[in-house]
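Biologist: Please put the structure up, and then I will ask about the side chains.

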Amino acid sequence: MKRTVKENREFISAYRKGAKVVTPWFVFYVKENSCGYNKLGITVSKDIGKAHDRNRAKRIIREAYRLSLGKDIAQGHNIIVVARGRIGTAPFDKVCSSMKYCAEKTGLSVKTTDTDDGRA
């Protein structure tokens, strides 16, 4: 099962009521959902370019999400990523680091605590 946001009302709800972080390559929206898992929604307008440019932007965002966040974030959210004009020329590592930054700013990052703090 592909965990994607499909319904227009879910996109609109995230735009209006969700947390928002803006980067040079995309705008990141997060809104809680009633599912027990995260759903990813990607929006790429025609301003980005022709169809092959828009598809490339979606692939870049999807892969950055998979590698940067994947299972290491809190579950139960709709995550909407709106591509901006410079995503096609952005270095992939910068897109990944921006994705991590957005997750931290919106409170999605799950901090792993080290149980071995040196105490006896």
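Modeller: One definition to begin with: a charge sits over a ring if NZ of Lys or CZ of Arg is within 6 Å of the ring centre and within 35 degrees of the ring normal. This is a predicted model, where local features need pLDDT of at least 70 and side-chain atom pairs count only at pLDDT 80 or more, while totals for chains, interfaces and linings use all residues. Residues are numbered from 1 along each chain as its sequence is written, and side-chain values use heavy atoms, without hydrogens and water.

Biologist: How far from the ring centre of Tyr37 does Arg3 lie?

Modeller: Arg3 is placed over the face of Tyr37. Its distance from the ring centre is 4.2 Å.

Biologist: How many aromatic pairs does a search of the whole structure find?

Modeller: Rings of Phe, Tyr and Trp (its six-membered ring) pair if their centres lie within 6.5 Å; planes under 30 degrees apart are stacked, over 60 edge-to-face, and the rest tilted. Searched as a whole, the structure has aromatic pairs numbering three.

Biologist: Of what kind is the pair of Tyr15 and Tyr29?

Modeller: The centres of Tyr15 and Tyr29 are 4.9 Å apart.

Biologist: Which residue forms one aromatic cluster with Tyr15 and Tyr29?

Modeller: The cluster holds Tyr15 and Tyr29.

Biologist: Is Tyr29 buried or exposed?

Modeller: Buried means under 20% relative accessible area, exposed over 50%, and partly exposed in between (1.4 Å probe, protein chains only). Tyr15, at 33%, is partly exposed. Tyr29 has 12%, so it counts as buried.

Biologist: Why is the pair of Phe26 and Phe28 tilted?

Modeller: Both Phe26 and Phe28 are buried. Their ring centres are 6.5 Å apart. The pair is tilted because its planes stand at 50 degrees.

Biologist: What separates the C-alpha atoms of Lys17 and Lys31?

Modeller: Lys17 is part of helix α1, and with 66% relative accessibility it is exposed. Lys17 and Lys31 are 14 residues apart along the chain. Between their C-alpha atoms the separation is 7.0 Å.

How values were computed: Helices (H or I, at least four residues) and strands (E, at least two) are DSSP runs, numbered from the N terminus.
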